[in-house]
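Thank you all for coming.

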Amino acid sequence: MLKSMTAFGRAQIEWEDKTVTVELRSVNSRYFDCNVKLPRAYAAFEEKIKAYLQKNVLSRGKLDVSVSVQGKGTSVSQIALDEDYLAGYLAALARLRDNYGLKDDISVMKVAENRDVFTVVKVEEDVSEDYARIEEVLARAAADHGAMRCAEGERIAKDLTEKVENIRALTKKIAARSAEEIAAYREKLEGRLRTVLAEHALVPDEGRVLTECAVMADRLAVDEELVRLDSHFAAFAEILGANEPAGRKLDFLMQEMNRETNTIGSKCSSAVIAAHVVDIKCELEKIREQIQNIE
């Protein structure tokens, strides 16, 4: 089954103390390129998440992952007083009041205006056991992401199959036309040889005439190319039906199909066959573009 590299998946699970949300976005790329966005406290999980995604989600493509972890009823930080600084600060204010006869308006709010009396203490969370939760949400997001990839892959497979059938139909037309062209060319060549020999009063060597005609016919024949193309069609269908990444294999197969098509075009002088060759190359280019989005 073909799978597209372009898809989106999202999942969220709420526990009593935390809510974990995972979003996956992927687009086509030649290689696996993964960017994971995590809360700072969970940065150590980045490589484990990348390995999990490459094994279970996408082997090729650009994947952006966002992991959000929100706590419930708890704070990640606490406000504390810098006791030493505060004592010195109050003592300085008292001296300022007493030494200069200033009005005593020292109050809580006045002191609180000095932000240096407060310190923010980060609460260290034990996140070592949270990876299992993150992986559970990852699995659900991956399932959502995979469903979209499969749906898109089915549409691409259907389109590719139709295009290959169009090419197969064109190769049958080329085969029929080529046989006619070879027969006509052979008859024309044989007639010209006999005419030239007659003009010089020479007796034609029937064996030599037939040999020359056969050599030219062999040079123009595209049977081998058409047989190889037909084998490529069979391989194409087999790859489409396999349950494994197919993008690189199909891309290589496209190169082989293009090579056989170019050979057919170079051998045939018929305008009709040349037009069929152009049509085949157009279909192959459309297929190649589609394949770029397949894993």
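Predicted model: local features only at pLDDT ≥ 70, side-chain atom pairs only at ≥ 80, totals over all residues.

Let me begin with a question: in which helix does K163 lie? K163 lies in helix α4, residues 131-199, where helices (H or I, at least four residues) and strands (E, at least two) are DSSP runs, numbered from the N terminus. Residues are numbered from 1 along each chain as its sequence is written, and side-chain values use heavy atoms, with hydrogens and water left out.

Back to K163, which counts as buried because its relative accessibility is 14%; buried means under 20% relative accessible area, exposed over 50%, and partly exposed in between, with a 1.4 Å probe and protein chains only. Not counting residues up to four places away in sequence, K163 touches E283, K286 and I287, contact meaning heavy atoms within 4.5 Å.

Leaving aside neighbours within four places in sequence, E225 is in contact with E260, T263, I264 and K267. E225 and E260 are 35 residues apart in sequence, yet 5.5 Å apart in space, C-alpha to C-alpha.

Now to the helix pair. The axes of α7 (residues 247-267) and α8 (residues 271-291) come within 10 Å and cross at roughly 170°; axes are lines fitted to C-alpha atoms, for helices over the stretch in contact, and angles run from 0 to 180 degrees between N-to-C directions. The two helices are therefore roughly antiparallel to each other, a term for angles over 145 degrees, whereas those under 35 count as roughly parallel, 65 to 115 as roughly perpendicular and the rest as oblique. Among the residues that meet in this pair are L250, M254 and M257 in α7, and I273, V277 and I280 in α8.

Of the contacts in the chain with a separation of 6 or more, 79% are between residues 24 or more positions apart.
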